[in-house]
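Dear colleague,

I am passing the structure on to you with this message, and my notes on it follow below. Please read them with the coordinates open beside you.

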Amino acid sequence: MSYQAEAWVIHAGSTREPRRAQLTRTRVTVEAIQDDEVLAAPLFGCWEANTEHALERRPLDVCKARLEAEVVLGNAGVVRVLETGRRVTQVRSGQLAMLFSSGETDAHGYMVKALGYDAPRQMGCMATLMKLKGRQLIPLPENSRYSPAQWAAFSVRHVTAWANWRIAYGAFRLQVNEAECPAPHVWGWGGGTTLAELKLAQFHGCRAVMLSGTPWHLEEIREAGLEAIDRRDFSGMRYEPERWSKDAGYRERYLTAEAEFVAEVSRRTGGERVHVFLEYIGTPVYRASLKALARQGVMATAGWKAGMAVSLLRARECASRHQHIHTHFARYQEGVDAVAFGEAHGWMPDVGPRIHAFEELPALAEAYHTGDTNYFPCFSINQEVKR
């Protein structure tokens with residue numbers, strides 16, 4: 001038996017000049033579930049950077065990559081489980097569950113492609129009904145202290161942060177133990193994942209600092225209990241490789257701003273510099289972040305926002321014993337562990353007072369594109385559905 005659902009979809013772009021995709025509301029067919037699948041009603045979602053990538057068609061046009069005429073996006077969310085196939089063991093009918101958005105995995109369970117993004121034939125949660133694999137859901141704690149919208153925001157950013165921090169902090173501790181450095185300096189650029197990971201660093205006794213150039217984000221950072229630095233104080237520090245060798249004025253302005261930034265890092269860290277740098281921006285700040293990294297320091301990321309290509313001097317990195325950590329989402333057990341830790345220790349996102357309605361998704365897409373949202377912009381999809 002198949003079902004009909006309301007959904008927001010995108011379509012493939014033009015071959016010659018692909019423009020930014022637009023969300024289109026339509027009805028979609030949800031086919032009957034198989035033995036390892038779940039039928040679910042999405043309740044809340046959270047707008048993610050990968051959704052922006054899909055609309056921008058960068059780094060890929062997901063419709064063309066999937067060979068599909070239309071795609072339902074959305075891989076951060078909470079659902080009510082309606083039906084389960086007979087081989088599903090992770091959740092049961094009636095439960096609230098958080099999306100675990102690993103669409104395709106490798107032999108060790110690490111994500112290769114994401115549900116609701118580049119994994120073929122896997123719809124996201126921007127629909128009133130969806131089906132997915134049992135392994136793509138994690139039950140929410142019974143009688144959780146936190147709202148379903150908070151868990152929707154948790155589902156991608158916090159799980160990504162948990163998995164990345166395990167490796168990054170572990171790499172630092174393999175070189176420098178707690179007795180030698182009891183309170184490492186951990187700094188970060190980026191958005192909600194960076195904020196979540198810096199909060200996690202605080203739980204490990206680290207001194208956490210986050211940089212942003214947006215006034216309301218700076219306030220969010222402070223309200224989260226982190227030290228905030230206004231990125232606009234170093235406005236000339238945006239590295240652009242294509243201008244470096246051609247524009248002497250730009251190069252001089254950049255080097256001045258970079259030197260001021262590194263001096264400020266040294267001042268705030270007592271000359272130690274940064275032990276773990278969470279760098280989720282990419283090309284524009286990568287060079288300066290390396291300059292600010294301590295010996296035995298760790299550069300860690302699980303994404304990019306403004307440039308994927310970076311360069312480094314390998315000899316310098318070896319001599320400084322710098323470790324470079326790159327992760328991509330998480331394994332299922334890491335998601336389960338992150339949920340348990342979040343519930344027990346209050347490591348949860350603040351989604352703010354505004355939950356966008358399902359009808360407002362195009363407006364939310366535009367607000368996110370222009371930088372006019374908080375770190376965890378959530379939206380509702382269904383009122384509670386009971387079958």
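Please keep in mind throughout that this is a predicted model.

I begin with the sheet, where strand β1 (residues 3-11) and β4 pair in the antiparallel sense over three bridges, and where His 11 stands opposite Glu 70 in β4. These strands belong to an open sheet of three strands, which has the order β2-β1-β4 and antiparallel pairing. Because β2 (24-30) and β4 (70-72) each have a single partner strand, they stand at the edges, and one side of each is left without a neighbour in the sheet. From one strand to the next, the twist averages 60°.

Leaving aside residues up to four places away in sequence, Ile 10 touches a set of residues including Leu 23, Ala 54, Val 62, Glu 70 and Val 71.

Turning to charged pairs, the count comes to 28 salt bridges, of which I describe a few. The side chains of Glu 258 and Arg 287 meet at 2.8 Å, N to O, and this pair links distant parts of the chain, since Glu 258 lies in helix α7 (residues 248-268) and Arg 287 in helix α8, 29 residues apart. Glu 258 counts as buried because its relative accessibility is 4%, under the 20% limit, whereas Arg 287, at 26%, counts as partly exposed.

Within helix α7 itself, the side chains of Arg 268 and Glu 264 form a salt bridge (2.7 Å, N to O); these two residues are four apart, about one turn of the helix. Arg 268 is partly exposed, with a relative accessible area of 31%.

A further salt bridge joins the side chains of Glu 360 and Arg 354 (3.0 Å, N to O). Glu 360 is partly exposed at a relative accessible area of 28%, and Arg 354 is partly exposed at 45%. Finally, Glu 6, Arg 25, Arg 27 and Glu 359 are linked in a network of salt bridges.

Note on methods:
Residues numbered from 1 in each chain as written. Predicted model: local features only at pLDDT ≥ 70, side-chain atom pairs only at ≥ 80, totals over all residues. Heavy atoms only, no water. Pairing = 2+ DSSP bridges. Axes fitted to C-alpha atoms, helices over the stretch in contact; angles between N-to-C directions. Contact = heavy atoms within 4.5 Å. Salt bridge = Lys/Arg side-chain N within 4 Å of Asp/Glu carboxyl O. Buried < 20%, exposed > 50% of the residue type's maximum accessible area, 1.4 Å probe, protein only.
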